[in-house]
Amino acid sequence: MILPTTYGVALLLIVFTMLCWGSWANTFKLAGKWRFELFYYDYAVGVLIMATIAALTFGSMGDSSLTFVDNMMVAGNRKIAFGLAAGVVFNLANMLLVAAIAVAGMAVAFPVGIGLALVVGVVWNYFLNPQANPVLLGIGVAIVLAAIVVDAIAYQQHMAHKASEAEALAAQAAPADRKIKRKKKSGAKGIVLSLISGVLMGSFYPLVEIGKAGGDIGFGLGPYSIAFVFAIGVFISTFVFNLYFLNLPIQGKPIPMTAYFKGTAKQHLLGIAGGLVWCAGTIANFAAASSPKEVQVGPAVSYAIGQGATMVSALWGLIVWKEFAGARQNVRILLALMLILFLAGLALISIAPLYSSSQ
């Protein structure tokens, strides 16, 4: 299989992961008025297609290690089970995150959900495989979390300003009061969904690492093999979870599964494209974390930088989707501070492995 041979290449793969994880959701926004439950069927297909292509190409090239097929034949059943479980846990987390966006918007979903996922994932991954300077890693994570908090405050202030403008234009007080109450209820629901999503999102990557590690319970899976098993978990669990989301929707009315066939070709292709983009970034992440130990970025750093996708999503919202159009000066200052903090935190996390005591 093909793996990076230098730290620089491994780090570039992680940055590529960040871009993919932060960009795939654009396909959902481009799909227009298309329920996330229906979008997810195509998304899961895209994930499986990309994982299969990578396994049969990059995972089967080279002669320095087992090929994808060989790896699947000798891997322990419990290792495969951990890979499947990782896909299932991620998928539920991601579906809840998208649901939180639908209910309360990115202002609540991304800062709360991905912020919590970053803390859970980095801490768990570091204890599983400590391949970075803990002080630099801790400071970097703290700065990234500060950037997420600042981003959330900017969103809150911007939304509060927009709400006050809407109130001023309301013709009657009572309908406006009811609207405000509905917004508060949606915000609370969005926070709960984001918190649950964050815990689950921070838990899937350690399961991947357990599935990759060899030991007493069987030969571990390589990066391309576990990506394939992971994708199967995503694909199968989408149908299971959607039985709930379609019949007891978080937002909107229940819809039948057959509503999927009412989508346009563009909507279906966008869903598949979203899965392809996300999975390409994930495979790059797995490969970088599996590189030779002397150049390895390490799972904790891989996950932390990958979750910088939160800021990439914010940039898409700012530049392309104009989510902060008409923002006041204080909000623009907060956004600039968020970007500075993010870049500083990302830099510390990136160099943390270079100063590890195990190096």
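**Burial and helix packing**

Author: Alanine 344 has a relative accessible area of 35% and is therefore partly exposed. Buried means under 20% relative accessible area, exposed over 50%, and partly exposed in between, with a 1.4 Å probe and protein chains only. This is a predicted model, in which local features need pLDDT of at least 70 and side-chain atom pairs count only at pLDDT 80 or more, while totals for chains, interfaces and linings use all residues. Residues are numbered from 1 along each chain as its sequence is written, and side-chain values use heavy atoms, with hydrogens and water left out.

Reader: Where does alanine 344 lie?

Author: Alanine 344 lies in helix 13, which covers residues 329-351. Helices are DSSP runs (H or I, at least four residues), numbered from the N terminus.

Reader: How is the packing of two helices described?

Author: Two packed helices are described by the angle between their axes and the distance between the axes. Axes are lines fitted to C-alpha atoms, for helices over the stretch in contact, and angles run from 0 to 180 degrees between N-to-C directions. Helix 1 (residues 7-23) and helix 12 (residues 309-319) pack at about 55 degrees, with their axes 7 Å apart. Helix 1 and helix 12 are therefore oblique to each other. Angles under 35 degrees count as roughly parallel, over 145 as roughly antiparallel, 65 to 115 as roughly perpendicular and the rest as oblique.

Reader: Which residues of helix 1 and helix 12 make the contact?

Author: Contact means heavy atoms within 4.5 Å. Helix 1 contributes Met18, Leu19, Trp21, Gly22 and Ser23, and helix 12 contributes Ala309, Val312, Ser313 and Trp316. By class, the contact of helix 1 with helix 12 has six nonpolar, three polar and no charged residues. Ala, Val, Leu, Ile, Met, Phe, Trp, Tyr, Cys and Pro count as nonpolar, Asp, Glu, Lys and Arg as charged, and the others, Gly among them, as polar.

Reader: What is the case for helix 1 and helix 13?

Author: The axes of helix 1 and helix 13 come within 12 Å and cross at roughly 140 degrees. Tyr7, Leu11 and Met18 of helix 1 meet Phe342, Leu346, Ser350 and Ile351 of helix 13. The contact of helix 1 with helix 13 divides into six nonpolar, one polar and no charged residues.

Reader: At what angle do helix 3 and helix 9 pack?

Author: Helix 3 (residues 36-56) and helix 9 (residues 223-247) pack at about 165 degrees, with axes 8 Å apart. Helix 3 and helix 9 are therefore roughly antiparallel to each other. Their contact has 21 nonpolar, three polar and one charged residues.

Reader: Is lysine 79 buried or exposed?

Author: Lysine 79 counts as buried, at 4% relative accessibility. Lysine 79 lies in helix 5 (residues 77-104). A polar atom of the lysine 79 side chain lies 2.4 Å from the backbone oxygen of alanine 213.

Reader: With which residues is asparagine 26 in contact, leaving aside neighbours within four places in sequence?

Author: Asparagine 26 is in contact with Trp316 and Trp321, those neighbours aside. Asparagine 26 has its place in helix 2 (residues 25-30) and counts as buried at 12% relative accessibility.

Reader: How many of the residues of helix 11 are buried?

Author: Eight of the eight residues of helix 11 (residues 299-306) are buried, so helix 11 is largely enclosed by the rest of the structure.

Conventions: Helices (H or I, at least four residues) and strands (E, at least two) are DSSP runs, numbered from the N terminus. A polar contact is a pair of N or O atoms within 3.5 Å; within protein, one must be able to donate a hydrogen and the other to accept it, and residues adjacent in sequence count only if both atoms are side-chain atoms.
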